[in-house]
Amino acid sequence: MKDREKIPKATIERLPLYYRCLDKMATFEDVEVVSSKDLGGKLDIPSTQVRKDLSYYGEFGRRGVGYNVNELKRSVGKILGVNRTWPAALVGAGNLGRALVNYGSFEMMGLEITCVFDNDLDKIGNLINEREVKSVQEMSQKVMKNEIKLGIISVPAEAAQAVADQMIEAGIKAIWNFAPTRLYVPEDVSVKNEDLAVGIVSLIYHLSWQEETDV
Ligand SMILES: NC(=O)c1ccc[n+]([C@@H]2O[C@H](COP(=O)([O-])OP(=O)(O)OC[C@H]3O[C@@H](n4cnc5c(N)ncnc54)[C@H](O)[C@@H]3O)[C@@H](O)[C@H]2O)c1
């Protein structure tokens with residue numbers, strides 16, 4: 001395997017796409033062998049790119065034959081770290097938080113939201129997908145006790161930094177942040193910002209340009 005630092009970010013971001021596609025082929029489509037052309041074709045990624053991405057991590061598949069779907073899925077899963085389950089703590093059991101806790105397919109990607117916190121007395125004690133919403137005051141203790149390393153923030157932007165600070169103090173090392181605000185974190189903590197509004201605005205941008213050129 002290449003030096004981790006030298007692997008392009010874009011390659012790392014494509015790996016989950018390969019993994020999900022391989023999982024679908026293995027689980028629902030009973031496909032045993034796949035070529036880089038077919039795998040890339042399903043994802044709109046050129047076959048040369050698929051081969052290059054995988055080559056950073058070793059030699060997979062056989063020239064002229066293709067990749068064994070299950071073997072490649074296992075290898076990519078191991079590279080991604082999704083071959084095990086990572087428990088996560090979610091703070092903010094509102095509309096988005098509830099949708100995330102109810103979503104059934106994160107486990108396939110190695111994520112299990114094991115505890116949910118909020119500061120609203122009307123929400124504390126409620127069940128979401130069999131998880132009881134606990135007071136955010138209990139978060140640090142729960143995270144430390146269960147050695148949870150992954151945190152999910154779905155509180156309003158104004159509350160996000162304080163929640164992140166609390167998570168980090170408790171030992172969280174990776175934060176999936178849905179609040180539309182920048183988080184300031186130490187170097188050894190990773191943050192992935194998920195800003196859905198930015199995605200939709202780029203679509204609207206294309207729509208509005210299309211309308212202008214249609215006039
Ligand atoms: N709903 C969406 O589709 C959506 C889409 C994109 C981004 N977001 C972002 O996600 C976040 C949540 O959105 P929402 O629609 O679920 O809001 P919401 O108001 O329904 O939920 C927010 C929850 O956070 C809790 N909360 C607030 N401060 C807290 C604190 N300090 N500690 C613990 N809990 C706290 C509230 O009690 C509430 O239950 C927001 O930052 C929003 O901008 C939401």
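Predicted model: local features only at pLDDT ≥ 70, side-chain atom pairs only at ≥ 80, totals over all residues.
## The annotated domain

An unreviewed UniProt entry carries the annotation "domain: CoA-binding", which covers residues 81-182.

## The annotated binding site

The unreviewed UniProt entry also lists Gly92, Ala93, Gly94, Asn95, Leu96 and Gly97 under "binding site". Ala93 lies in the loop between strand S3 (86-91) and helix H5 (95-102), whereas Leu96 has its place in helix H5.

Ala93 has 25 other C-beta atoms within 10 Å and is therefore buried, the cut-off for a buried residue being 20 or more. Leu96, with 18 other C-beta atoms within 10 Å, is partly exposed. When neighbours within four places in sequence are left aside, Ala93 is in contact with Arg98, Val116, Asp118, Lys123, Ile128 and Val133. Leu96, if residues up to four places away in sequence are not counted, touches Ser154 and Phe178.

## The nonpolar cores

The largest nonpolar core has 28 residues, and those with the most contacts inside it are Ala89, Leu90, Val91, Val116, Phe117 and Ile153. Two or more residues are given to this core by each of S3, H5, strand S4 (111-118), helix H6 (139-145), strand S7 (150-153) and helix H7 (157-170). Apart from this core lies another, of 14 residues, which includes Val34, Tyr67, Leu72 and Val76.

Val91, one of the residues with the most contacts inside the largest core, touches Phe117, Val136, Met139, Ile153, Val155 and Val163, again without counting residues up to four places away in sequence.

## The packing of helices H1 and H4

Two packed helices are described by the angle between their axes and by the distance between those axes. Helix H1 (residues 9-27) and helix H4 (residues 69-80) pack at an angle of about 145°, with their axes 9 Å apart, and the crossing of H1 and H4 is left-handed.

On the side of H1, the residues that take part are Leu15, Pro16, Tyr18, Tyr19, Leu22, Asp23, Met25 and Ala26, and these meet Val69, Asn70, Leu72, Lys73, Val76, Gly77, Ile79 and Leu80 in H4. Sorted by class, the contact of H1 with H4 has 12 nonpolar, 2 polar and 2 charged residues.

Conventions
Residues numbered from 1 in each chain as written. UniProt positions renumbered as here; feature names shortened; annotations may be inferred. Helix = DSSP H or I, 4+ residues; strand = E, 2+ residues; numbered from the N terminus. Buried ≥ 20, exposed ≤ 12 C-beta atoms within 10 Å, placed from the backbone. Contact = placed C-beta atoms within 7 Å. Axes fitted to C-alpha atoms, helices over the stretch in contact; angles between N-to-C directions. Left-handed = near helix turned anticlockwise from the far one by under 90°. Nonpolar A, V, L, I, M, F, W, Y, C, P; charged D, E, K, R; others polar. Core = buried A, V, L, I, M, F, W, Y, C linked by C-beta atoms within 7 Å.
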